[in-house]
Amino acid sequence: MSGHASRRSPRNEADRRDALSRTIEAEIIPRLMLVHSSDDCAEGDRQDPLPSHEEVVEFAGLVIAHDVEVATSYVSVLRARGATLETIFLHLLAPAANHLDTLWREDKADFCDVTIALSRLQQVLRALGAPFEAEGDSGSEEKRVLLASSPGETHTFGVAIVEEFLRRAGWDAVCAPGTSLEELGRIVRADWFDVVGLSLSCESLLAELASAIDIVRRRSRNKHVGVLVGGHYFNEHPESAALVGADFVAFDGLDAVRKAQRFVGGAARAR
């Protein structure tokens, strides 16, 4: 029986890919091209068009319902339209992840579906990471950053996006989402980091984040380490950054690069 199943599997895989191609060619691309043609007429020759809210919602639906190839094709059409990788990261992938979280919180999608969809988003992000990093200029100064989520935090996609922006800007980025307090302390004690970035999505983990920052301060090899915080919670409550002991808050990947660079430059001048 197992041999019979194995003989059928290549055809099943081919059938699946054929169906996927038909979905992309017959449904996804025509809808995108129609929308984008309308946008072009309305907005003229726009060099880097931003995905609309409707496109973000549609994209999130695609990563729930289809394999990653469909999401990749969607991104390819947006890039052919003129969208930069920076725009894809900030205005499509990150908002899509937030929309998936909203669907789960509002009980409009189950946890399993959202988890699988986020995994597909991660695959898209990884595939775009190398060309995105190649756009940057690494420079000569070595700068190291540790990126993690607050202990207990399950939303880590935003950390991965910030990692890509910092790598493009020439940072040696270590990404350790899901790290415990003890492990976080061990990492900063073992290695030098100029900046440590921590993300938080909800107020219920604020105390854990404050404890994490305290451990970073006490155990870090770099006694003047900069602590950056970000994530959904700080986007809405940036004033809370000072309350947990952070040096600055970043609202997206670009902002994280700007503020981390500024901190390191200021620390160098202070030495």
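This is a predicted model: local features need pLDDT of at least 70, side-chain atom pairs count only at pLDDT 80 or more; totals for chains, interfaces and linings use all residues.

Trainee: Why is Leu-78 called buried?

Mentor: Buried means under 20% relative accessible area, exposed means over 50%, and partly exposed is in between (1.4 Å probe, protein chains only). Leu-78 has 1% relative accessibility, so it counts as buried. Its C-alpha atom is 8.1 Å from that of Ile-88, ten residues apart along the chain.

Trainee: What about His-66, and what makes it partly exposed?

Mentor: His-66 is in the loop between α2 and α3. Its relative accessible area is 22%, so it is partly exposed. His-66 and Ala-117 are 8.8 Å apart, C-alpha to C-alpha, though 51 residues apart in sequence.

Trainee: How do you know that the span of helix α2 agrees with what it should be?

Mentor: The expected span is 1.5 Å times one less than the number of residues. Helix α2 (residues 53-65) has 13 residues, so it should span 18 Å, and its end C-alpha atoms are 18 Å apart, which agrees.

Trainee: Which residues of α2 are buried?

Mentor: Those are Glu-55, Val-56, Phe-59, Ala-60, Leu-62 and Val-63. They cover an arc of only 155° around the axis, so they lie on the same side of α2; that arc is taken from the directions from the helix axis to the C-beta atoms. On the other side of α2, His-53, Glu-54 and Ala-65 are exposed. As background, an α-helix has 3.6 residues a turn, so residues three or four places apart point the same way.

Trainee: How many aromatic pairs are there in the whole structure?

Mentor: A search finds seven. Rings of Phe, Tyr and Trp (its six-membered ring) pair if their centres lie within 6.5 Å; planes under 30 degrees apart are stacked, over 60 edge-to-face, and the rest tilted.

Trainee: Then why is the pair of Phe-89 and Phe-132 called tilted?

Mentor: Their ring centres are 4.4 Å apart and their planes are at 50°, so the pair is tilted. Phe-89 lies in helix α4 (residues 85-105) and Phe-132 in helix α5 (residues 111-134), so the pair ties together parts 43 residues apart in sequence. Phe-89 is buried at 0% relative accessible area, and Phe-132 is buried at 0% too.

Trainee: What makes Phe-248 and Phe-263 a tilted pair?

Mentor: Centre to centre they are 5.9 Å apart, with 35° between the planes. Phe-248 is in strand β5 (residues 248-249) and Phe-263 in helix α11 (residues 253-270), so this pair ties together parts 15 residues apart in sequence. Phe-248 has a relative accessible area of 11%, so it is buried, whereas Phe-263 has 23% and is therefore partly exposed.

Trainee: Which residues form one aromatic cluster?

Mentor: Phe-89, Phe-132 and Phe-165 do.

Trainee: What makes Asp-107 stand out in its phi?

Mentor: Its phi is near 60°, a positive value in a residue other than glycine. Most residues other than glycine have a negative phi. Asp-107 is in the loop between α4 and α5, and its relative accessible area is 68%, so it is exposed.

Trainee: And why is Arg-144 called buried?

Mentor: Arg-144 lies in strand β1. Its relative accessible area is 17%, so it counts as buried. The C-alpha atoms of Arg-144 and Trp-171 are separated by 5.7 Å, with the two residues 27 apart along the chain.

Technical notes:
Residues are numbered from 1 along each chain as its sequence is written. Side-chain values use heavy atoms; hydrogens and water are left out. Helices (H or I, at least four residues) and strands (E, at least two) are DSSP runs, numbered from the N terminus.
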